[in-house]
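Hi there,

Here is the structure I promised to pass on. My notes on what turned up in it follow below.

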Amino acid sequence: MEDTSIHKFDFTLINEYFAGLERQGPGSPEATIRALGFIDNLSNEAKIADLGCGTGSQTMVLAQNTKGTITALDLFP
């Protein structure tokens, strides 16, 4: 069986694909706000994990539209 773990994945392909885009990833501010709309009763004490945040475009939208604490992580600086 072939090893398909994340450690064998060539992230260069993703980086090259999104490098020329403003967000450097899929989505839009509108999509992030829409996703927030599916969450009921998001309190001021909410802890939000933005995993795979890239350059942080959606992180900034989250910060502007929530009052919780956001932790944003990505594999690349």
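A word on terms first: helices (H or I, at least four residues) and strands (E, at least two) are DSSP runs, numbered from the N terminus. This is a predicted model, in which local features need pLDDT of at least 70 and side-chain atom pairs count only at pLDDT 80 or more, while totals for chains, interfaces and linings use all residues. Residues are numbered from 1 along each chain as its sequence is written, and side-chain values use heavy atoms, with hydrogens and water left out.

**Overall picture**

There are three helices and two strands in the chain, and along the sequence they follow the pattern α-α-β-α-β. The average pLDDT (the predictor's confidence in each residue, from 0 to 100) is 84, and 84% of the residues score at least 70.

The chain has 77 residues, of which 21% count as buried. Here buried means under 20% relative accessible area, exposed means over 50%, and partly exposed is in between (1.4 Å probe, protein chains only). The accessible surface comes to about 6,300 Å², and carbon and sulfur atoms hold 57% of that; such areas come from the Shrake-Rupley method with a 1.4 Å probe, and for residues only the protein chains shown count as cover. Taking contact as heavy atoms within 4.5 Å, residues 24 or more positions apart account for 35% of the contacts in the chain with a separation of 6 or more.

**The loop between α2 and β1**

Several of the findings fall in this loop, so let me group them.

- N44 has its place in the loop between α2 and β1. Its C-alpha is 4.9 Å from that of G68, although the two are 24 residues apart in sequence. Not counting residues up to four places away in sequence, N44 touches K67 and G68.
- E45 lies in that loop too. E45 is exposed, because its relative accessible area is 62%.
- N41, also in the loop, has a positive phi of about 55 degrees although it is not a glycine. With a relative accessible area of 78%, N41 is exposed.
- F38 is in the loop between α2 (29-36) and β1 (47-51). Its relative accessible area is 64%, so F38 counts as exposed. Together with I39 and L42, F38 makes a nonpolar surface patch of about 310 Å².

For the patch, the residues have over 30% relative accessible area and no salt bridge; like charges are joined within 9 Å, and nonpolar side chains (Val, Leu, Ile, Met, Phe, Trp, Tyr) within 5 Å. A salt bridge is a side-chain nitrogen of Lys or Arg within 4 Å of a carboxyl oxygen of Asp or Glu.

**Helix α3**

Which residues of α3 are buried? In this helix (residues 57-65), they are Q58, T59, V61 and L62. They cover an arc of only 160 degrees around the axis, which puts them on the same side of α3; the arc is that of the directions from the helix axis to the C-beta atoms. On the other side of α3, M60 and Q64 are exposed. The cover over the buried residues of α3 includes α2, β1 and β2 (69-73).

**Strand β2**

T69 has its place in strand β2. Leaving aside neighbours within four places in sequence, T69 is in contact with A46, K47 and I48. T69 and A49 are 20 residues apart in sequence and 8.6 Å apart in space, C-alpha to C-alpha. T69 is partly exposed, because its relative accessible area is 49%.
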